[in-house]
Amino acid sequence: MERKDFTPEIKSEFEGLFGNQVSFSDPVLVAHGNGESYHPVAKPDAVVFAQSTEDVSKAVKLCYKHGLPVVPYGVGTSLEGHVNALFGGVTVDVSGMDQILEINEEDLDCRVQAGVTRMRLNEDLRATGLFFPIDPGADASVGGMTATRASGTNAVRYGTMREVVLGLTVVKPDGEVIKTGGRARKSASGYDLTRLYIGSEGTLGVITEIQLRLYGQPEAITAATCPFPDIGSAVSTAMLVIQSGIPVARMELVCEKSIAAVNKYSKLSLDEKPTLFFEFHGTEAWAKEQAELVGDITAEFGGEGFQWATAVEDRNKLWAARHSMYHATRAAYPGCNGLTTDVCVPISRLAEAMEHSASLIEKHNVIAPIVGHVGDGNFHLAIMVDPDDEDHVKRAKAVSESLVENALELGGTCTGEHGIGYGKIGYLESEHGDAVNTMAAIKAALDPKGIMNPGKIISV
């Protein structure tokens with residue numbers, strides 16, 4: 001796709017339609033030209049700050065009329081260049097669409113606008129006894145989480161966005177508004193369009209409202225950390241916990257370099273060894289029993305004793321530290337950006353995949369702390385990169401590429417939760433083969449002008 005000229009006439013049309021809800025200011029454009037990734041900024045020609053589905057529809061219709069790219073934007077926490085305006089055009093910022101439209105306590109569901117963030121939603125749900133379980137770490141918008149099929153630390157127990165989204169309101173590439181799914185817990189009616197849009201990364205339409213499945217807040221929550229002599233022992237523990245059918249709510253692996261960084265950043269005093277972070281949900285008796293069962297398994301693999309966090313403030317501090325791992329790592333290596341990548345493999349191949357990643361780090365002489373949602377075979381490398389050192393960047397990319405290639409050889413995927421964006425677009429065919437042609441056909445059918453977030457997922 002070639003970049004379209006954003007003419008004075010087009011600018012005037014947007015100003016007439018949106019007034020002060022549209023910006024052409026360079027600082028605003030730059031701020032919307034990248035998320036949290038290492039990719040270079042690619043700024044749009046304009047940013048529309050939508051307040052409603054109608055606003056989004058009007059913006060998309062105008063872009064459709066002029067053949068301008070449309071780039072949806074939530075709060076900019078993506079990691080693979082999803083929000084970069086590679087061909088200019090218009091970024092539609094839905095962060096102002098932050099209303100919780102309905103909460104149905106008896107049915108355990110709710111409907112929210114796309115700009116609602118996960119933390120805000122859980123704050124509003126607290127008094128109802130319900131909670132929204134998907135936790136990718138960042139305080140991402142629910143629309144962005146849906147578009148990237150996010151998961152995170154709770155996925156081992158509660159699944160990903162695919163499992164909790166019941167229905168959507170979507171603005172199609174021509175500006176038409178459609179609704180998919182509904183509030184029923186299951187349906188055999190027609191094509192599953194809801195799942196088609198989940199994970200589509202803005203390439204098929206703009207998600208503006210989401211119907212979500214909720215869960216009851218557990219009676220008791222217990223958290224713990226357990227250090228291990230090496231990563232292999234920690235991974236073996238995680239594998240046996242899952243194979244034993246123990247329904248842990250969270251089970252996170254953090255390598256010794258990450259522990260050192262987070263101790264300094266979050267003022268903790270954890271042992272600087274590979275460590276598993278656990279959380280157990282249930283009744284008091286059941287949470288205690290889960291913890292005891294896991295404790296027996298950790299002892300088998302050299303676990304050096306649980307450090308418990310049962311008080312709410314202690315648990316919050318522990319998980320806040322886990323979620324700040326990326327920022328802690330960057331703070332530990334000033335001047336570096338983070339080339340953050342992830343893969344996911346079958347749980348039985350996890351140890352092999354992580355051993356391979358450790359060998360890559362040593363071979364290419366890079367600093368790359370490892371963290372992982374090891375309960376579902378997903379782990380991340382935060383490769384520290386000096387952006388001004390071409391050789392450093394080259395070595396970091398070599399690690400990322402070899403990591404993905406190995407994951408695919410082991411029957412895994414090139415990304416467990418970060419998505420494709422344009423950072424991993426080259427791996428799609430290696431993973432899916434001829435099925436990519438079917439994806440391209442869907443893209444062409446639903447977005448014939450190719451204006452929806454061009455350059456992401458599918459090369460058309």
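**Helix and sheet packing in a predicted model**

Me: Which strands does helix 11 lie across?
Reply: In this predicted model, helix 11 (residues 284-300) lies across strand 12 (220-227), strand 14 (275-282) and strand 15. Helix 11 runs at about 155 degrees to strand 14.

Me: And what does helix 13 touch?
Reply: Helix 13 (residues 325-332) packs on the sheet, where it touches strand 13 (250-254), strand 16, strand 17 (370-373) and strand 18. The direction of helix 13 makes about 140 degrees with that of strand 16.

Me: What is the strand order in the open sheet?
Reply: The order is 15-12-14-13-17-18-16, seven strands with antiparallel pairing.

Me: Which strands stand at the edges?
Reply: Strand 15 (307-309) and strand 16 (337-344) do; each has a single partner strand, so one side of each is left without a neighbour in the sheet. On average, neighbouring strands of this sheet are turned by 20 degrees against each other, direction ignored.

Me: How many bridges pair strand 16 with strand 18?
Reply: Eight bridges, in the antiparallel sense, with strand 18 spanning residues 378-385. L339 stands opposite I383 in strand 18.

Me: Changing topic: at what angle do helix 14 and helix 15 cross?
Reply: The axes of helix 14 (residues 350-364) and helix 15 (residues 390-409) cross at roughly 160 degrees and come within 10 Å. The two helices are therefore roughly antiparallel to each other.

Me: Is that crossing left-handed or right-handed?
Reply: The crossing of helix 14 and helix 15 is right-handed.

Me: Which residues make the contact?
Reply: Helix 14 contributes A353, H356, S357, L360 and H364, and helix 15 contributes R395, A398, V399, S402, L403 and N406. The residues of this contact divide into five nonpolar, five polar and one charged.

Technical notes. Residues are numbered from 1 along each chain as its sequence is written. This is a predicted model: local features need pLDDT of at least 70, side-chain atom pairs count only at pLDDT 80 or more; totals for chains, interfaces and linings use all residues. Side-chain values use heavy atoms; hydrogens and water are left out. Axes are lines fitted to C-alpha atoms, for helices over the stretch in contact, and angles run from 0 to 180 degrees between N-to-C directions. Helices (H or I, at least four residues) and strands (E, at least two) are DSSP runs, numbered from the N terminus. Angles under 35 degrees count as roughly parallel, over 145 as roughly antiparallel, 65 to 115 as roughly perpendicular and the rest as oblique. A crossing is left-handed if the near helix is turned anticlockwise from the far one by less than a right angle, and right-handed if clockwise. Contact means heavy atoms within 4.5 Å. Ala, Val, Leu, Ile, Met, Phe, Trp, Tyr, Cys and Pro count as nonpolar, Asp, Glu, Lys and Arg as charged, and the others, Gly among them, as polar. Two strands pair if DSSP finds at least two bridges between them.
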